[in-house]
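Subject: Structure handover

Hi,

Here is the structure I said I would pass on. Have a look at it first, and my notes come after.

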Amino acid sequence: GTNCVSNLKQITLGNMLYADDNRGFLVPLGVDMMGANKHRWHGTSDSSSTGSGADYDASRGPLSPYLGGRGKVNHCAALVVPEGIQAFERGCGGYGYNMLVGKLAGDDWTEAAYSSGYNLPRIRHAAEKVMFADSAATIGKDGNWGSDMHGFSSSIEAPGGMYMMSPTMHFRHGNRANIGYCDGHVESKALLSSAYNFDRLWDLGFPCENSDAGRSRHFTPET
């Protein structure tokens, strides 16, 4: 858990330094997410993530200069995923980026919305807004979506909203998750709610109420 806090501090502060060099704009979750999907916050792949050959190289990721030059995110040892499974997500190290902070517009699923991360100075109540956190997704033995084991997730899905995604924040440290906030601090929070019984089955959920109110207070940048 202590190592995990250190990892999250590095990623969170690295993103803030990125914003300093880019007119206040944070790193995009995936600048071509609606297209080729070769560029994620944690690396760059020569193949699209929709294909079987995708494998994101952290040293070519946008945060690489801010994470010691190699860009590699230290892997949280508490998340165990079989070797070779989800190769295209492994570079995230077991940490996800708040989808609403990693793009320009909340529920807008357009290329323009994904062209950049949010503008850091415009994030209100930054000490309450999630930037990065422990993450995981449920996958099958073939590495696709399923319910056999935990897999990697490079994004954190917010509760409520138009699309009620399965939670991807992983409370793997004694029913707690480490979270890096938009003001730069890291905090351990308890699991308070979930969806579809994912809290009892997979330790996946939210550190707040599973509602639009929880989404607004802890995940949406300008509320």
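Below is what turned up, starting with the sheet and ending with the pockets and cavities.

Some ground rules: this is a predicted model, where local features need pLDDT of at least 70 and side-chain atom pairs count only at pLDDT 80 or more, while totals for chains, interfaces and linings use all residues. Residues are numbered from 1 along each chain as its sequence is written, and side-chain values use heavy atoms, with hydrogens and water left out.

**The sheet**

Helices (H or I, at least four residues) and strands (E, at least two) are DSSP runs numbered from the N terminus, and two strands pair if DSSP finds at least two bridges between them. On that basis, 5 strands make an open sheet with mixed pairing, in the order E7-E3-E4-E9-E10. Its edges are strand E7 (155-156) and strand E10 (186-190), each of which pairs on one side only.

Going through some of the pairs:
- Strand E3 (residues 95-98) and strand E4 (residues 130-134) run antiparallel and are joined by 3 bridges; tyrosine 95 has aspartate 134 in E4 as its bridge partner.
- E4 and E9 are also antiparallel, again with 3 bridges, and here valine 130 stands opposite tyrosine 181 in E9.
- E9 and E10 pair in the antiparallel sense over 5 bridges, with glutamate 187 in E10 as the bridge partner of isoleucine 179.

The hairpin of E9 and E10 has 4 residues between the strands, and glycine 184 there takes a positive phi near 100°.

For burial I used relative accessible area with a 1.4 Å probe and protein chains only: buried is under 20%, exposed is over 50%, and partly exposed is in between. E9 is largely enclosed by the rest of the structure, because 5 of its 6 residues are buried. Helix H1 (residues 2-21) lies across E3, E4, strand E9 (176-181) and E10, and runs at about 150° to E4. That angle is between N-to-C directions on a scale from 0 to 180 degrees, with axes as lines fitted to C-alpha atoms, for helices over the stretch in contact.

Isoleucine 156 lies in strand E7 and is buried, at 0% relative accessibility. Taking contact as heavy atoms within 4.5 Å, and leaving aside neighbours within four places in sequence, isoleucine 156 is in contact with residues including Gly96, Tyr97, Ala133, Asp134, Thr168 and Phe219.

Two asparagines have a positive phi. Asparagine 37 has phi near 60°, sits in the loop between H1 and strand E1 (39-40) and is buried at 7% relative accessibility. Asparagine 197 has phi near 65° and belongs to the loop between E10 and helix H2 (198-202); asparagine 197 is partly exposed, with a relative accessible area of 39%.

Leucine 67 is in the loop between strand E2 (43-44) and E3, and is buried with a relative accessible area of 10%. Its C-alpha atom is 6.4 Å from that of glycine 14, although the two are 53 residues apart along the chain. Not counting residues up to four places away in sequence, leucine 67 touches Gln10, Ile11 and Val73.

**Pockets and cavities**

The search ran on a 1 Å grid over the protein atoms alone: a cavity is a set of points where a 1.4 Å probe fits but cannot get out, a pocket is an open set with protein on both sides within 12 Å along at least five of seven lines, and lining residues have an atom within 4 Å of a point. Grid points are joined across faces, edges and corners, and a volume is the space filled by probe spheres set on the points.

The largest pocket holds about 880 Å³. It has 37 lining residues, of which Arg40, Gln86, Phe88, Glu89 and Trp145 are the closest to its centre. Strand E5 (residues 137-139) gives the largest share of that lining, 3 residues.

The second largest pocket has a volume of about 190 Å³, and its lining includes Asp55, Tyr56, Lys72, Val73, Asn74, Arg90 and Phe152.

The whole structure has 3 cavities of 30 Å³ or more. The second largest cavity is about 40 Å³, and is lined by Asn7, Gln10, Ile11, Leu67, Lys72, Val73 and Asn74.

Cheers
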